[in-house]
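These are my notebook entries on a structure that I had not examined before. I began with the ligand and then turned to the strands.

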Amino acid sequence: MACDRDTEKVHAVGLIKEPGRVIKVLMVCLGNICRSPTAQGVLEKQVLDRGLEKTVSVDSAGTADYHVGKNPDPRSIAAASRRGLDLASQTSRQVCDQDFEQFDYILAMDAENLTVLQSRCPSEHRQKLKLLLSFTEQRRLNVPDPYYGDDGFELVLDLAEQACHQFLAHIAHEFTSK
Ligand code: 4NP
């Protein structure tokens with residue numbers, strides 16, 4: 001039977017149970033200029049590489065409003081660009097109440113971000129909140145904030161790459177086992 005390429009790719013990773021369903025993922029850090037834009041860029045690239053762009057959408061936001069409307073930190077843009085990721089067109093925004101309804105997964109970069117999200121999130125959506133690194137086998141659970149240092153930007157990319165890979169495996173499993 002004929003099957004278009006997108007459908008074949010979606011079957012290949014197992015996202016087959018709910019045709020037309022888009023899984024919406026929100027990456028969250030403090031300022032939305034370093035870690036969560038990087039995690040967004042990393043997951044978007046992995047989604048594209050797997051042909052899942054019609055199945056998984058990605059956004060990011062900050063718990064604080066310090067940098068609303070600004071592009072990502074130039075150090076994040078430069079580090080990401082060395083790995084073929086373009087973060088330059090992203091703009092910072094703050095988490096808003098509708099996010100808790102609209103997104104399926106809300107992935108915090110560290111425990112502090114998670115605590116803020118938990119305090120704002122209606123109880124019926126709390127299961128959407130997770131630490132990004134909970135999808136890795138790493139003992140480390142927080143993506144360290146590189147903003148006040150010089151050399152944490154590569155580590156953010158390394159951790160985001162590992163976690164996003166595992167996260168896509170998780171959702172593939174989640175959406176075939178129901
Ligand atoms: P992010 O890093 O949460 O990874 O975007 C930060 C960016 C800015 C600030 C703190 C952390 N700040 O205090 O302005």
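I looked up the surroundings of the ligand and found Cys 29, Leu 30, Gly 31, Asn 32, Ile 33, Cys 34, Arg 35, Tyr 66, His 67, Asp 145, Tyr 147 and Tyr 148, where a residue is near a molecule if one of its heavy atoms lies within 4 Å of it. The model is predicted, local features need pLDDT of at least 70, side-chain atom pairs count only at pLDDT 80 or more, and totals for chains, interfaces and linings use all residues. Residues are numbered from 1 along each chain as its sequence is written, and side-chain values use heavy atoms, with hydrogens and water left out.

I sorted this shell into 7 nonpolar, 3 polar and 2 charged residues; Ala, Val, Leu, Ile, Met, Phe, Trp, Tyr, Cys and Pro count as nonpolar, Asp, Glu, Lys and Arg as charged, and the others, Gly among them, as polar.

I next checked polar contacts (pairs of N or O atoms within 3.5 Å). A polar backbone atom of Asn 32 is 3.2 Å from an oxygen atom of the ligand, and a backbone N or O atom of Cys 34 lies 3.0 Å from a ligand oxygen. For Asp 145, an N or O atom in the side chain is 3.1 Å from an oxygen atom of the ligand.

I then turned to the strands (DSSP runs of E, at least two residues). Strand S1 (residues 23–29) runs parallel to S2, joined by 7 bridges; strands pair if DSSP finds at least two bridges between them. Leu 26 stands opposite Asp 59 in S2.

Terms used:
A polar contact is a pair of N or O atoms within 3.5 Å; within protein, one must be able to donate a hydrogen and the other to accept it, and residues adjacent in sequence count only if both atoms are side-chain atoms. Helices (H or I, at least four residues) and strands (E, at least two) are DSSP runs, numbered from the N terminus.
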